[in-house]
Amino acid sequence: MLTFEPITNVLGATVQGANLAQPLSAGDFAAVLDALGRYGVLCFKQQSISPQNLRDFSACFGGLQRGVSGIHEPGFPEISVLSNVIENGKPIGLPDAGQDWHTDMSYNDTIGFVNVLHAIKVPHRDGRALGDTLFANMHAAYEGLTPELKTQLADYTVTHDFNKFWEGMVSRPGSTRKPLTPEQRAKRPPSVHPMFLTHPITGRKVLYCNPGYAIRINELNEAESYRLLNLLFEHQLQPKYQYRHQWMVGDVLMWDHIGTLHNALPDYAPHEHRLMKRCQVMADRIFDPDFLARSTSMHLSA
Ligand code: OGA
Ligand code: MN
């Protein structure tokens, strides 16, 4: 049986009693789903798992997204490699994934549900880990809105565009990214989602808006949309909503994209090596009441 120990009262729990090299029992799976909604970020410590274990575990939660970069674990197109390691003059992974506030795949009609990252190399300096990942709690950010804003925003929708984050990265000093070609942009057209989503696990509202991809509140004129989006970005990133994860080798960290934002801190140098293997799980099943009901009833009968 699994137990969950909260890490902070904002977000995060450490999962005890799990060996992800083995399939989860139905009861454990249901408990993990419930905990994902409750804690947002779950850390399984000291996991030694194969790429296949990582893929099989992740696939329990929904369909797996294939990375567009083409840099993936050999033989596993669903496992992206995030790394600044260079081997034989070639990068073995994406060196700069997720280095600003965002939530994965909000620009997609089918949004992201969870990411699962296995930490293989964690950079250190003077005995301290580098390359932490920050998270922000969007259940709490919703709750923290004034009643007036909750009412005003209730039926608003937001356009999310993959190109916004990409452009932000291109314009960074030293970036090797190039602007997307019209063909690449056409493959990732913007997508529209409600400002507030009802979280499929908790049944509570979340603020589903993020600085990385949100470009427009569709019901407002451009100037008013710009003003309100900036106000929301500032609101949702307040330190009181944040948890900072310091990685250890062997961590399998999974987080809920619907209820959190994240930001990978690039505070390490090229010779300080970071290496993560990642599966991105889409929200193609989690909004299906049957999927949840099946999981829950398995939990009760397990
Ligand atoms: C991601 C991402 C975070 C990290 O995997 O989606 O943004 O810490 N990466 O590498
Ligand atoms: Mn990300």
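On a 1 Å grid over the protein atoms alone, a pocket is an open set of points with protein on both sides within 12 Å along at least five of seven lines, whereas a cavity is a set of points where a 1.4 Å probe fits but cannot get out; lining residues have an atom within 4 Å of a point. Grid points are joined across faces, edges and corners, and a volume is the space filled by probe spheres set on the points. The structure is a predicted model, in which local features need pLDDT of at least 70 and side-chain atom pairs count only at pLDDT 80 or more, while totals for chains, interfaces and linings use all residues. Residues are numbered from 1 along each chain as its sequence is written, chains are lettered from A and ligands numbered from 1 in the order in which they are written, and side-chain values use heavy atoms, with hydrogens and water left out.

For the description of linings, Ala, Val, Leu, Ile, Met, Phe, Trp, Tyr, Cys and Pro count as nonpolar, Asp, Glu, Lys and Arg as charged, and the others, Gly among them, as polar. On this basis the lining of the second largest pocket comprises 8 nonpolar, 5 polar and 2 charged residues.

The search for cavities of 30 Å³ or more gives a count of 1. The volume of the largest cavity is about 190 Å³. Its lining is made up of 22 residues, with Leu82, Ala97, Gly98, Ala264 and Arg274 nearest the centre. At least two lining residues of the largest cavity come from each of β5 (76-83), β8 and β19; strands (E, at least two residues) and helices (H or I, at least four) are DSSP runs numbered from the N terminus. The lining of the largest cavity divides into 9 nonpolar, 9 polar and 4 charged residues.

The manganese ion (ligand 2) is coordinated at 2.1 to 2.2 Å by His102 (NE2), Asp104 (OD) and His262 (NE2). Donors are N, O and S atoms within 2.8 Å of the metal (3.2 Å for Na, K and Ca), and sites may look incomplete because water is not among the atoms. Along the chain, the spacing of the manganese donors is H-x1-D-x157-H. Distant parts of the chain are linked here, with histidine 102 in the loop between β7 and β8 and histidine 262, 160 residues apart from it, in strand β19 (residues 260-264). Relative accessible area under 20% is termed buried, over 50% exposed, and in between partly exposed (1.4 Å probe, protein chains only). Histidine 102 is therefore buried at 3% relative accessibility, and histidine 262 is buried at 5%.

Across the whole structure, 11 aromatic pairs are found. The pair of phenylalanine 57 and phenylalanine 61 is edge-to-face, because the ring centres are 5.3 Å apart and the planes lie at 70 degrees. Rings of Phe, Tyr and Trp (its six-membered ring) pair if their centres lie within 6.5 Å, and planes under 30 degrees apart count as stacked, over 60 as edge-to-face and the rest as tilted. Phenylalanine 57 is buried at a relative accessible area of 6%, and phenylalanine 61 is buried at 0%. Tyrosine 107 and tyrosine 213 form another edge-to-face aromatic pair, at 4.8 Å centre to centre and with 70 degrees between the planes. These tyrosines are 106 residues apart and link distant parts of the chain, tyrosine 107 being in the loop between β7 (90-91) and β8 (112-121) and tyrosine 213 in the loop between β15 (205-207) and β16 (214-217). Both tyrosine 107 and tyrosine 213 are buried. One aromatic cluster is formed by Phe29, Phe44, Phe57, Phe61 and Phe291.

A charge sits over a ring if NZ of Lys or CZ of Arg is within 6 Å of the ring centre and within 35 degrees of the ring normal. Arginine 177 is placed over the face of tryptophan 166, 4.5 Å from the ring centre, and arginine 188 over the face of phenylalanine 162, at 4.5 Å from the ring centre.

Most residues other than glycine have a negative phi. Glutamine 46 has a positive phi, near 50 degrees, and is located in the loop between β3 (41-44) and α2 (51-59). Its relative accessible area of 71% makes glutamine 46 exposed.
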